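Please read them with the coordinates open.

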Amino acid sequence: MLEVEGLKKTYKTTKAVDGVQLYLNKGESVGLLGPNGAGKSTTISMMSTLITPTSGDVRYNKKSVLKHPDIIRPVLGVVPQEIALYEELTAYENMRFFGKIYGLSGRKLENKVDEVLELVGLSDRKKERIKRYSGGMKRRINIAVALMHEPEVLIMDEPTVGIDPQSRSYILDMVRKLNREKGMTVLYTSHYMEEVERLCDRVYIMDHGHIIASGTKDELKSILSGEETVFVEVQQMSLKLVEQLVAHEAIQKVTEVEKGYKVIATKGEDLLADIFKLASTIDVKITGIHVQTPTLEDVFLHLTGRKLRD
Amino acid sequence: MWTVFHLQWLRLKREPLLALTFLVLTVVFVFFLAGSQGVQTITIQTYSDELSEAEIDQWLERLNQSETFEFEHNDRSEVEDLIRMSEISFALELGEDHYQYLVGQESHFLGTANQHIEQVYRSQLRKEEVKQRFPDLVIEERDFLKMDIQALTTNSSDNNDIVTHVITGMTLYFAMYTILLSMINLVTEKRSGTWNRLVFSPLKKTSIYLGQLTHYFCLGMIQIGLSFYLFYHILDYNFGSQYFTIAMVLMAFVFAVVALGMLVMGLVQSPQQLQAVIPIVTTGMAMIGGAFWPLEIVSNDILLFLARLVPIQYGIEALKGAILYEQNVVELLQPISILLLMGVLFMGIGVNLIERTK
């Protein structure tokens with residue numbers, strides 16, 4: 001349905017996006033995961049015809065949207081990262097305006113405003129000015145205005161940045177509902193891996209302007225199938241223990257986490273016994289230990305050596 | 001285009017403070033500056049050592065038939081005190097068949113006053129002479145020669161020239177302020193992301209620009225229109241009869257200012273910087289362009305050259321031409337064309353800069 005081919009964007013000497021390839025099938029929910037500065041926003045800006053790429057193409061139903069932006073604009077809904085609303089106007093007025101620019105009018109427009117407000121759970125606050133809304137409410141209206149024309153493809157650029165867990169959960173449920181119940185194709189960019197894991201069928205992992213991995217969640221996690229993640233909880237943090245762990249031939253990476261360490265090691269070894277032995281030799285008391293199945297965060301860490309939120 | 005246009009009005013309706021402030025400022029400034037320049041009567045103190053009270057009253061009655069001067073009677077000693085204290089420049093001593101001045105300092109009113117006084121005395125003395133020559137006859141005054149004097153406009157006096165200058169200068173200056181400050185919205189929209197929402201909607205970019213710019217254009221026109229309406233009613237100011245020409249001049253001027261706004265937005269892209277730059281640009285141009293004082297009093301060649309580069313100078317010049325001298329569009333084609341040319345030039349460069357820095 002939507003294909004991105006070798007998309008590049010260079011600002012003077014900086015390559016913001018370098019040869020990105022991705023596709024979206026109809027009704028799919030696809031995640032674009034990457035840390036800040038990975039090039040996610042630039043990629044979606046090019047996909048939504050906002051900026052012109054240095055090279056490459058974006059095709060919607062086999063037609064180049066760069067040559068014919070008019071073919072994608074009416075069917076595309078974009079939720080920008082920033083709160084792109086007229087804050088001095090009410091939610092109702094904002095939605096009416098954005099509905100009108102997509103050609104809605106009269107009864108149809110009014111019905112759509114009511115329907116979308118109901119969807120985002122702000123029907124009772126529609127006559128309030130946006131500037132008086134909380135951060136979470138602003139985010140919901142920011143999404144709502146992109147839904148006014150019932151887009152076929154919804155591109156969301158980090159739509160939950162800086163909001164409370166309750167609003168975030170509401171938004172994620174709403175996006176899932178749009179995808180599952182209304183069949184809307186969703187491209188969801190985020191640096192919160194748990195959001196992408198919860199919402200998306202397929203994931204692209206992006207870093208430094210490149211797609212470094214792609215596939216279904218299981219496919220990506222299988223990159224780490226030969227490895228396991230062990231959380232070691234200690235009574236007191238010890239630099240010596242870290243040195244000992246790093247020196248172990250099966251252990252690939254040790255990172256400090258709250259109250260202990262996260263250890264990524266090759267599967268099949270008697271790792272747990274070794275960890276206990278190493279700790280006891282340097283008098284470090286282990287208060288807890290558990291083995292975790294790999295997450296996308298672990299995949300990203302494995303691929304880049306960095307955390308998603310670094 | 002109209003959806004974007006209507007939205008801007010809705011936004012203005014929600015936050016009208018800026019536009020209203022500048023409308024009020026225009027009226028207040030013009031009221032005080034132009035009001036103080038309004039039609040004034042010049043009071044001239046008189047005294048007499050030789051005439052009786054009744055004779056003095058008769059002379060005063062004759063002299064006070066002028067609308068420009070008001071003659072008051074006083075004692076010689078008091079008049080001398082007033083002159084000594086520099087409260088008046090001169091006084092008039094009335095005689096039976098002559099008059100003379102007691103002058104403390106030079107006054108540019110003296111010449112004009114003398115014309116009037118001389119005319120009154122000459123006329124009265126002539127009548128006296130006729131009466132003396134024909135003492136037995138009853139003399140009746142008749143108008144043998146009736147003159148009907150028609151001025152080009154009722155505003156063409158020096159005094160109204162100043163009032164017109166204040167009205168046009170201040171109105172255009174504050175309209176520039178309102179337009180440019182309102183146009184910061186355009187930059188804010190780009191920052192907030194609402195502009196991007198419009199760009200990836202099915203709207204054409206020309207429609208987005210036209211919707212926005214038409215709004216700023218109408219805002220400027222309405223402010224000037226309302227100001228002129230208030231001056232017409234409050235100051236009883238006469239705008240002459242060239243309403244169409246005035247409208248054309250205003251449209252050309254407001255177009256040039258909106259285009260200037262686009263140029264400024266293209267050069268300075270932060271709302272905070274614009275808040276500082278716009279007052280400098282607006283006030284600077286108004287000063288150079290002669291909104292605060294007539295360019296006739298400026299003798300510096302560089303300043304006069306710079307004045308030719310700013311739209312407000314042509315706006316004031318053309319408006320004064322239409323109001324004071326009843327010039328029509330054809331006669332004012334030069335300043336109107338220059339304003340339009342400036343508008344096209346500023347708009348072209350401005351839009352390019354804005355689009356390039358996107």
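1. The buried residues of helix 3 of chain A are covered by elements that include helix 2 (91-101), helix 4 (135-147) and helix 5 (165-182) of chain A. This is a predicted model, and the points below should be read as comments on a prediction.

2. The residues that count as buried in helix 3 of chain A are A:V113, A:V116, A:L117 and A:V120. Seen down the helix axis, the buried residues fall within an arc of 100°, so they line one face of helix 3 of chain A. The face turned away from that buried side carries the exposed residues A:R107, A:K108, A:N111 and A:E118.

3. The length of helix 3 of chain A (residues 106-120) can be checked against its residue count: at 1.5 Å a residue, its 15 residues should span 21 Å, and the end C-alpha atoms are 22 Å apart, which agrees. Just after this helix, A:G121 takes a positive phi of about 70°.

4. A:T49, which is not a glycine, has a positive phi of about 65°; A:T49 sits in the loop between helix 1 (40-47) and strand 4 (55-60) of chain A. A:H208, also not a glycine, has a positive phi of about 50°, and its place is in the loop between strand 9 (202-207) and strand 10 (210-216) of chain A.

5. Are these two residues buried or exposed? A:T49 counts as buried because it has 20 C-beta neighbours inside 10 Å, and 20 is the number from which a residue is called buried. A:H208, with 15 C-beta neighbours inside 10 Å, counts as partly exposed.

6. A:E227 is found in strand 11 (residues 227-234) of chain A, and with 17 C-beta neighbours inside 10 Å it counts as partly exposed. Leaving aside neighbours within four places in sequence, A:E227 is in contact with A:Q252, A:I264, A:A265, A:T266, A:K267 and A:P294. The C-alpha atoms of A:E227 and A:A279, which are 52 residues apart along the chain, are separated by 21 Å.

7. For chain A as a whole, the model has ten helices and 14 strands, and the C-alpha trace spans about 75 × 45 × 35 Å along its principal axes. Of the 310 residues of chain A, 41% count as buried. Among the contacts in chain A with a separation of 6 or more, 70% are accounted for by residues 24 or more positions apart.

8. In chain B, helix 10 (residues 243-267) and helix 13 (residues 311-324) pack at an angle of about 175° with their axes 9 Å apart, which makes helix 10 of chain B roughly antiparallel to helix 13 of chain B. Helix 10 of chain B contributes B:T245, B:I246, B:V249, B:F253, B:A256, B:V257 and B:L260 to the contact, while helix 13 of chain B contributes B:P311, B:G315, B:A318, B:L319, B:A322 and B:I323. By class, this contact has eleven nonpolar, two polar and no charged residues.

9. Between the chains, 17 residues of chain B are in contact with 21 residues of chain A. On the chain B side, the elements that give two or more residues are helix 1 (2-14) and helix 8 (194-199) of chain B. The residues on that side of chain B divide into seven nonpolar, six polar and four charged.

Definitions and conventions: Residues are numbered from 1 along each chain as its sequence is written. Chains are lettered from A and ligands numbered from 1 in the order in which they are written. This is a predicted model: local features need pLDDT of at least 70, side-chain atom pairs count only at pLDDT 80 or more; totals for chains, interfaces and linings use all residues. Two residues are in contact if their C-beta atoms, placed from the backbone, lie within 7 Å. Helices (H or I, at least four residues) and strands (E, at least two) are DSSP runs, numbered from the N terminus. Ala, Val, Leu, Ile, Met, Phe, Trp, Tyr, Cys and Pro count as nonpolar, Asp, Glu, Lys and Arg as charged, and the others, Gly among them, as polar. Axes are lines fitted to C-alpha atoms, for helices over the stretch in contact, and angles run from 0 to 180 degrees between N-to-C directions. Angles under 35 degrees count as roughly parallel, over 145 as roughly antiparallel, 65 to 115 as roughly perpendicular and the rest as oblique. A residue is buried if 20 or more other C-beta atoms lie within 10 Å of its own, exposed if 12 or fewer, and partly exposed in between; C-beta atoms are placed from the backbone. The expected span of a helix is 1.5 Å times one less than its number of residues. The arc is that of the directions from the helix axis to the C-beta atoms.
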